[in-house]
Amino acid sequence: MAEDLVIIGSGPAGLAAAVEAARAGVKVTVVDENASPGGQLFKQIHKFFGSEEHQAGIRGIDIGYRLLEECHLAKVKVMLNTAAWGIFHSSGNATTVAIKNKNDSLCSLDTKVVLLATGARENPLAFPGWTLPGVMGAGAAQTLINLHRIRPGNRVLMIGSGNVGLIVSYQLKQAGADIAAVIDIKPEIGGWGVHAAKLTRTGIPILCSHKIIEVRGLDKVEEAHVARVDREAKSIPGSEKLFKVDTVCIAVGLSPMAELAWSGGCRFAYLPELGGHVPVHNRSMETTRNNIYIAGDISGIEEASTAMEEGKIAGISIARSLGLLKNECAEELIRNKEKNLSALRGGPMGKTRKLAKEKLIRLFNIC
Amino acid sequence: MKKSAQAVIIGGGIIGCAAAYYLAKEIDDVILIEKKCIAGESSGANYGMVWQQTRQDGYDLAAARRSLEIYPQLCREVFDLDIEYEEKGGMTLFFTDLQAEAAKGYVEYKNSLGVPVRLLSGKETRSLEPALSSRVTGSLFCAEEAQLNPFYTTLAFARAAQKEGATIYQGVEVLSINLDRGAVCSISTSEGKIFTNHVINAAGSWAGTVGAMVGLKVPVFPHRLQSLVTEQIPKLLTRTIQGSRIARTSEEAAKTFQYAYDTTGGNRPCINQQPPAECIIESSLFYAKPTVNGNIVLGTACDFAGYNRETSYEALAVIAHMAKMIIPRLKDVNIIRSWANFDPWTADGIPIVGETGVKGFFIAAGHGTGMSHAPATGEALAGLITGSAAAIPLGEANINRFTGYREEC
Ligand SMILES: Cc1cc2nc3c(=O)[nH]c(=O)nc-3n(C[C@H](O)[C@H](O)[C@H](O)COP(=O)(O)OP(=O)(O)OC[C@H]3O[C@@H](n4cnc5c(N)ncnc54)[C@H](O)[C@@H]3O)c2cc1C
Ligand SMILES: Cc1cc2nc3c(=O)[nH]c(=O)nc-3n(C[C@H](O)[C@H](O)[C@H](O)COP(=O)(O)OP(=O)(O)OC[C@H]3O[C@@H](n4cnc5c(N)ncnc54)[C@H](O)[C@@H]3O)c2cc1C
C-alpha cells in the first residue's frame, strides 16, 4: 500500500485538506490535471468577498500562494498534469485511483483514503450559433486573461449577472476589452451589489429580464441578438437588440464535477440550491462509500472560503480515521471549522445554501 | 395485476421479450414479468452483434443462422421502431502469422458448415477498415452477419408482444413458483399471485435462482464483461470488429478461434461444473462497435465475480490498451462511460432451452450470444409450447444434457 491519502484536485478545498492532514502526519499525494496547482484560485486576481476573518479582502491568487507554501512545508506531494479517471474498490479496504499521467499512460495509485476536491464545471447554454468560435464559458475567458494573459476578444457580451459574470466582465474590461452589456434572464441582478456597482460605474449596462436569441457570424461571432422577456421568460416581440460583438461569454452557473463519486458508487441527492446532483456526505465530509471523502464545490457550489473550511474538516477527519488524531482533539478542531462555515453561510444567499447543506448531511443518515 | 395467464415469462431481456412476442401470436393471456425494466440487464449492455462465424456447430449455429434469416423480416413487417439493423458483415482480426496459418483450416471447416467466412490479408482487412493498425496481419470476414441496437431490439420485441396482446409488468419480481402434484400451477410475485400452467424461465444470469424455485439446478452463471464507450466522433469504423487473443505459439494459435469457454473437454457437462477460477481479464477478446450515433463501444475484459457489477481498474485499463493497439487513432478520443454487466454463462457455451422434468416449467436462458439467438429461440419455444412444428430442433439445448440436473438443490 503506497498512500494514506490521495486528493484529487488542487483547488482551495484540496490544498487546505492536504495541509491539515499532512500536519497530523498523514502521507498525502495531491493530483491535478492542470499544469499548475491552485484550481480556480490563481484566476481570482480580485479581492475576495466573504466575511472578514476569512481572508475577505485578500486576493484569491495570494491565498493560493499561501496554501502552496504550507503544502510545501508539510511535505505534501503534488502530481500535476495528472488526471484521475476512475475510483475502484480493490481488495481489502483499499481504493484504487486510476490516473493518466503526463506521458498519457495509464497507471494507478493504491490508497487508504480518497478525497475528491474536483470543483465544478460551468453550465453550458445552447442557443442558435452557440458553437461558433467566440462563444465561451466566462471561466474560460477568465483563465485566458488572468493565467495566460490572452484577451479572447475585443467586444464582449456577457450572459449571466451572477458573481462570476460580474467579476469576469470587470476583469475583461481591465484587460482592455469593451463589454457591450451583461444580460440576465431574471428580473434582478444575481451577484453581489459591490461587483455590480463596479461595472455600472464604468458605464457597462446590466440588462435584466433579457435573454440571448441568437449569435450570428460567418465563421466566428459577429453579432448577438438579445430580447427582453416577459414573466414567463418568453421574448417580447419588438424588444430585440443587436450587439456587434466578437465574443459571447456564458456565466449561467456551475455544476459540481462529481463523476468520480458516481463511478465510486457514492449515493447522491438532487439539490438545485447546491448546483444539482451532489454526493451525500456526513459531518466529517465522508460520502456513503467508506474512505471516499469530498470537499469544496463538488459537495455543493459555494466559494473558495467555504471550500477551504470543508477541506480542513475533511483533512482532520481523515487524520482521525487513520488513527493520527485523537477523537476529542479532532472534534474540537472540527467544531471550530463548523463555526467558521456557519458564519460564512450568513446572509440571505448563504442561508439557502446553509439549509441545503444541512439537508445533505441529514440525507446521509437516511438509507 | 392480472390474476391468471396461459403462460408467464420471467425476465424482460431479449430472450423473454422475443418469447413473449412469438407466444402471444399463438395464445391469449401471455404475461411477462421483469423485476427491473425491459433491457435493464445484459440485453441493454451488449454490442448487438448478430454473428455466425463464432457459433459452434449444431444448435448454436442453427439458432444464429435462423435469426439472421428472421431479423430482416421482423424489421420490415413487425417492429415499429428502427432497431438499427445493419448487415455490414463481421470481422475477426488476428495479429500473428501463426494465427493466419491456423485461420486457413478454420475457414475450410466453417465453409463446410455453410458459414460463408473468408480469409482476408492484412492489406485487404485495412482496405475495408482503414483505421486498423498495421499490427493486424489478417482477418476472418463473414459478409452475412449483422449488428443492431440491443436496447431498441429488446424494446421492439416487447412492443410487438404487447401488440399481440401480451401484458408486461416491469418493476415486479417473481418470488416463488408453486407446484401442484409436480406441475406448475401459479407464481407469486412482489405484487401478487398469478395462476398459470406454463412458466418460462428467461431470467438470463439469474436463471439459477428461478430454477431453484421449482427445485431444479439450472447451471447458468454470471460472466462479468466490461465496456467503455467513446464520445461521438467522425466515422472511424464501418462495422463491429472482434480482436482475437494474440497468439505467439502454434498451440495458442490453434486455439485462436475457440470462442466458448468450453470447460467440458467435449464431455457431457456436469451440473456442478463451476466457471473457471482463474482470472481471464488479460486474455479476453476485444470488441469495437461503431454505433449509429458515432460513439464506439469498446470491450471486453471477462471474469467471474458473482453479481458484482462494479467495473475494475485492471479491466478498463486492458480494454483501453487493446483499443489503442488495434485502432491507434482512438488514442486521443475521450471515454464518456464505462459499465460492467453479465453474460449468462454455461459450461459448454450452449444455452439451455426447452422443457424440463417439471411439467409446465420451461427454460430459455444461459445465452452467451442472446442477440444472435433471440428470434430463433422465441420462435422455437413458442412452437414447443403450442405444439407446432419447430424451425430448429431444440434437443441439443435441453437441460437434460447436464447430468444430475434434477438433484435436490
Ligand atoms: C469568476 C469566479 C470568481 C470567484 N470569486 C470568488 C470570491 O471572490 N470568493 C470566494 O470565496 N470564491 C470565489 N469563487 C469561487 C471559488 O473559486 C470556488 O468556489 C472554489 O475555487 C472551489 O474550490 P474547489 O477546491 O472545490 O475547486 P477548484 O478550485 O475548481 O479546484 C478543483 C481542481 O481539481 C482539478 N480536477 C478536477 N477533476 C480532476 C480530475 N479528474 N483529475 C485531476 N484533477 C482534477 C481541477 O482542474 C481543479 O484544478 C469564484 C469563482 C469564479 C469562477
Ligand atoms: C458486454 C456484453 C457484450 C455482449 N455482446 C453480445 C453481442 O454482440 N451479440 C450477442 O448476441 N450477444 C452479446 N452478449 C450477450 C447478450 O447480451 C446476452 O446473451 C443476452 O442479453 C441475454 O438475454 P437474456 O434475456 O437471457 O438475459 P437478460 O437481458 O439479462 O434478461 C434477464 C432478465 O431477467 C430479469 N429477472 C431475473 N430474475 C427475475 C425475477 N425473479 N423476476 C423477474 N425478473 C427477473 C432480470 O432483471 C433481467 O432483466 C453480450 C453480453 C455482454 C455482457
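How much area is buried between chain A and chain B, and what share of it do carbon and sulfur atoms give? The structure is a predicted model, in which local features need pLDDT of at least 70 and side-chain atom pairs count only at pLDDT 80 or more, while totals for chains, interfaces and linings use all residues. Residues are numbered from 1 along each chain as its sequence is written, and side-chain values use heavy atoms, with hydrogens and water left out.

The area buried between the two chains, A and B, is about 690 Å², with 60% given by carbon and sulfur atoms; buried area is the accessible area (1.4 Å probe) that two parts lose on being put together, summed over both. On the chain A side, 57% of the buried area comes from A:Phe88, A:Asp104 and A:Leu106 together, the residues that lose the most area to chain B. Ten residues from chain A and ten residues from chain B take part in the contact (heavy atoms within 4.5 Å).

The C-alpha atoms of chain B fill a box of roughly 65 × 45 × 40 Å along the principal axes. Of its 409 residues, 58% are buried (under 20% relative accessible area, 1.4 Å probe, protein chains only). Among contacts in chain B with a separation of 6 or more, 77% are between residues 24 or more positions apart. The accessible surface of chain B is about 16200 Å², and 49% of that surface belongs to carbon and sulfur atoms (Shrake-Rupley method, 1.4 Å probe).

How values were computed. Chains are lettered from A and ligands numbered from 1 in the order in which they are written. Buried means under 20% relative accessible area, exposed over 50%, partly exposed in between (1.4 Å probe, protein chains only).
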